[in-house]
Amino acid sequence: MTGSLVASELVAALPLPWQLADPGRRNTAVKELLPGPEQRTVALSALSACLAFQVDTAARYGDDPNWGLPDNFFEDDWFLLQASLKRSLPTLADVTRENVRDWAEKNSVVAEILDATWTTPPDEIVEAVGQVWVTFIVNGAVEELLRWLGWTARDTLDPDERAQALDLLKTVTPRLPWRQTIETIPVILSLGGSDEHDYFEQLANDPGLHEKTRAEAESKRRTARRRAGDTATAPRRRRSAPRPGHGGEQG
C-alpha cells in the first residue's frame, strides 16, 4: 500500500476475505469460513466498520450518489471498468489516491468515457473514482457479511454476539439508503425472530423512511406476527399414560 487511502483506515484494514474487490473470489473464500468464535468476532467488527461507512456515505453524498461522474460510467461502461479495477485495485487497502490516479492514467478509456482531454487525471476525478470503487467493495462485503452472520453462523452465535448484531443492525437501518435496508431487515428477522415485530412496525410507520424500506419492514412485521401466532397456538404435547411394565404403579 502506498499513498493516501480513499477509505478510512478502519475500512481499509478490513481482514480478508471481507476487503476483496472481486465478488467471486470473496464469495468463494467466505464459503470456506467456519463460524468459530474468532471468525464471528472478526465478522461483527467488519460489519460494524462497513455499516458505519455506508451511513457516512449516505449522510455526505445522499442515497444514490454519482460523485459527479456521467451516467454511462455506471451503466454502459461499468462492466469494462469494473474488470480493470478488480485487476489493478483488488483490495480496499489498494485504493489509494495515487493508485487510482495511476490506474486512470494507464487506461485511456477512462478519459474517453469522461469526454476529457487530460493526461493526468485531476484530483476530483481521482477522488470520485476512488469513492465509487470503495463503495462498490464495501457494499459487496456487507452483503456477504449479512448472509454469513444471518444464516451460516446464526445458530453458533452466543447471546452476547446475537444481541450485538441486532443492536448494530437496528440502530443503523433507519440511516441507511433503501437498497441497504432491504438487506439488513431480513437479517434482523433471522436473528431476532418474532420479538422484532414492534421494531418492524416502527419502521413501517415512519414517514421519513423510503417507501421501499417501509414496505420491506411491513412485510417482515407480518411474518414476525405470524410466527408469534404460530408459537402461541401450537398444541402442547400431552403426556401419555405409562404402559404396563414401562413405569407407573404396578398392580
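Which residues does Glu161 touch, not counting residues up to four places away in sequence? The legends below start with that residue.

**View 1. Glu161 and its contacts in a predicted model.** Glu161 touches Pro37, Arg40, Thr41, Leu44 and Thr156, not counting residues up to four places away in sequence; contact means heavy atoms within 4.5 Å. The residue sits in helix 9, which spans residues 159–172. Helices (H or I, at least four residues) are DSSP runs, numbered from the N terminus. Glu161 has a relative accessible area of 8% and is therefore buried; buried means under 20% relative accessible area, exposed over 50%, partly exposed in between (1.4 Å probe, protein chains only).

**View 2. The cis peptide bond between Leu16 and Pro17.** Omega of this bond is about 5°. Pro17 belongs to the loop between helix 1 (9–12) and helix 2 (23–31).

**View 3. Trp67, a residue other than glycine with positive phi.** The phi value of Trp67 is near 55°. Trp67 is part of the loop between helix 3 (37–61) and helix 4 (71–74). With a relative accessible area of 17%, Trp67 is buried.

**View 4. Asp115, not a glycine, with positive phi.** Phi of Asp115 is about 55°. The loop between helix 7 (108–113) and helix 8 (123–152) holds Asp115. Asp115 is exposed, because its relative accessible area is 71%.

**Notes to all views.** Residues are numbered from 1 along each chain as its sequence is written, and side-chain values use heavy atoms, with hydrogens and water left out. The model is predicted: local features need pLDDT of at least 70, side-chain atom pairs count only at pLDDT 80 or more, and totals for chains, interfaces and linings use all residues.

Note on methods
Helices (H or I, at least four residues) and strands (E, at least two) are DSSP runs, numbered from the N terminus.
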